[in-house]
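The sequence and structure are shown first.

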Amino acid sequence: AERQLGYQVRMNKASVYGELVGYPDKAWSGSFIDVVARTVGLNFPSHVHTPAALSYYFQRSMIHVRPQPGDIVFFAFSNDEQQGMPHVGIVTDVTHFGQHGMFQTIEGQTSNGTPKGSQANDGVFRRNRYAYDVLAFARPNFSRTLSVKKVAQEDPGKLPTNVVKSS
């Protein structure tokens with residue numbers, strides 16, 4: 001996911017992530033999760049329709065109160081006003097979670113989070129988030145997936161690297 005930091009959508013708001021999973025005109029925070037996971041050999045459910053992905057994790061008791069790096073976080077807000085699907089991201093750091101309820105993520109279809117920066121939800125950025133914004137932390141069962149280390153060693157360039165920059 002870190003290789004994707006700084007990616008921004010084209011002017012027509014279509015993302016490469018949505019295009020890669022076959023939903024170019026939909027909210028793409030879930031598509032970002034799918035592309036990152038699949039390009040490193042992970043095999044878990046699609047996150048394009050985030051309510052369905054959240055349901056998958058709930059049904060299998062894969063929801064946790066305290067996050068760990070690698071968890072998928074489902075937020076209590078949406079980037080898609082028309083469909084109202086929860087926004088999702090990947091937890092990367094939980095150092096300050098116990099004391100402040102703060103954790104760090106990498107997310108697609110978000111803004112850079114700085115007050116003077118663009119507020120358009122048009123890129124992949126690292127964000128500081130708080131527990132009060134969270135619906136759930138889902139922990140995929142990585143033991144049932146391909147070895148991430150093996151895939152990364154064999155082909156470290158598998159992820160698209162900022163495929164499309166904004167103009």
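The side chains of D71 and R139 form a salt bridge with an N to O distance of 2.8 Å; a salt bridge is a side-chain nitrogen of Lys or Arg within 4 Å of a carboxyl oxygen of Asp or Glu. The model is a predicted one, in which local features need pLDDT of at least 70 and side-chain atom pairs count only at pLDDT 80 or more, whereas totals for chains, interfaces and linings use all residues. Residues are numbered from 1 along each chain as its sequence is written, and side-chain values use heavy atoms, with hydrogens and water left out.

The D71 and R139 pair links distant parts of the chain, 68 residues apart. D71 lies in the loop between strand 1 (63-64) and strand 2, and R139 in the loop between strand 6 and helix 5 (148-154). Helices (H or I, at least four residues) and strands (E, at least two) are DSSP runs, numbered from the N terminus.

By this rule there are two salt bridges. The other joins the side chains of E107 and R129, with an N to O distance of 2.8 Å. E107 belongs to strand 4 (residues 102-110) and R129 to strand 5 (residues 123-130), so the pair ties together parts that are 22 residues apart in sequence. Both E107 and R129 are buried. Here buried means under 20% relative accessible area, exposed over 50%, and partly exposed in between (1.4 Å probe, protein chains only).

| Residue | Relative accessible area | Class |
|---|---|---|
| D71 | 1% | buried |
| R139 | 18% | buried |
| S61 | 65% | exposed |
| G108 | 0% | buried |

S61 is found in the loop between helix 3 and strand 1. Its phi is near 55 degrees, a positive value in a residue other than glycine. G108 is located in strand 4, and its C-alpha atom is separated by 8.8 Å from that of L5, 103 residues away along the chain.

A nonpolar core is a set of buried Ala, Val, Leu, Ile, Met, Phe, Trp, Tyr and Cys residues joined through side-chain atoms within 4.5 Å. The largest such core has 26 residues, of which Y17, F32, I33, Y57, I72 and F74 touch the most other members. At least two residues of this core come from each of helix 1 (16-21), helix 2 (29-39), helix 3 (50-59), strand 2 (72-78), strand 3 (86-93) and strand 6 (134-138). Helix 2 gives the most, with five residues. A second, separate core of seven residues includes V73, F75, V91 and F103.
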